[in-house]
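Please look at the sequence and the structure before reading on.

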Amino acid sequence: MIGVNRLKTDAEVNRLDLIDLLSDRHNMVRRISGNAWNEANEIKISSSEWYILARIYRKQPTISSVTKSVDISRQAIHKFIKNLAAKGLVEIHNVENNKKEKWIQLTDLGEECYEKNEVLKDELEKRIAETIGQDKIDTLKVILKSDWGI
């Protein structure tokens with residue numbers, strides 16, 4: 001990998017199939033986004049924690065519904081949620097009349113962090129658009145949102 005953004009060489013990129021290209025770009029933008037947050041803020045948040053925060057933002061889901069909506073093990077979800085609670089980003093509550101089930105919500109600090117991170121991601125998207133063009137960004141979003149039939 002070369003360059004500031006650790007881009008692969010043209011020869012390396014040309015050998016990648018669709019799945020690997022998607023994975024490579026996803027990892028790159030997640031790393032850049034995560035580093036931007038972690039370098040500017042005292043509260044360090046991993047990409048998996050951001051993934052969970054996105055499922056909670058402006059909702060009050062149960063832990064089991066979060067577990068079903070992400071591709072992370074139940075045990076890992078519980079660990080991440082405990083870490084997020086220790087950082088003051090989420091609150092965990094008991095579901096009324098159910099001793100096993102719990103629901104979670106972002107704290108005010110959690111909402112503030114999530115919204116600040118959305119601004120950082122918007123800035124990254126603008127930087128990408130400056131390089132490849134807004135029309136390509138728009139087309140990519142349409143493609144990614146469409147039903148792929150798989």
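## Terms and overall layout

A helix here is a DSSP run of H or I with at least four residues, and helices are numbered from the N terminus. The model is a predicted one.

The protein has seven helices and two strands. Read from the N terminus, the order of these elements is α-α-α-α-α-β-β-α-α. The C-alpha trace spans about 60 × 40 × 25 Å along its principal axes.

Of the 150 residues in the protein, 26% are buried. Among contacts with a separation of 6 or more, 50% are between residues 24 or more positions apart.

## Helix α2

Helix α2 covers residues 18–40, which is 23 residues. At 1.5 Å a residue the helix should span 33 Å, and its end C-alpha atoms are 33 Å apart, so the two values agree.

Which residues of α2 are buried? They are D24, M28, I32, S33, G34 and W37. An α-helix has 3.6 residues a turn, so residues three or four places apart point the same way. The cover over the buried residues of α2 includes α3 (47–56) and α6 (108–132).

## The largest pocket

The largest pocket holds about 1,400 Å³ of space. Its lining consists of 34 residues, and those closest to the centre of the pocket are R25, H26, V29, I128 and L140.

How many residues of the lining are nonpolar, polar and charged? The lining of the largest pocket has 18 nonpolar, seven polar and nine charged residues.

## Residue E49

E49 is found in helix α3. Is E49 buried or exposed? The cut-off for a buried residue is under 20% relative accessible area. E49 has a relative accessibility of 3%, and therefore it counts as buried.

A polar atom of the E49 side chain lies 2.9 Å from the backbone nitrogen of S46. Leaving aside residues up to four places away in sequence, E49 touches K44, F80, N83, L84 and K87.

Definitions and conventions:
Residues numbered from 1 in each chain as written. Predicted model: local features only at pLDDT ≥ 70, side-chain atom pairs only at ≥ 80, totals over all residues. Heavy atoms only, no water. Expected span 1.5 Å × (residues − 1). Buried < 20%, exposed > 50% of the residue type's maximum accessible area, 1.4 Å probe, protein only. Contact = heavy atoms within 4.5 Å. 1 Å grid on protein atoms, 1.4 Å probe; cavity = no way out; pocket = protein on both sides within 12 Å on 5 of 7 lines; lining within 4 Å. Points joined across faces, edges and corners; volume = space filled by probe spheres on them. Nonpolar A, V, L, I, M, F, W, Y, C, P; charged D, E, K, R; others polar. Polar contact = N/O pair within 3.5 Å; in protein donor to acceptor, adjacent residues only side chain to side chain.
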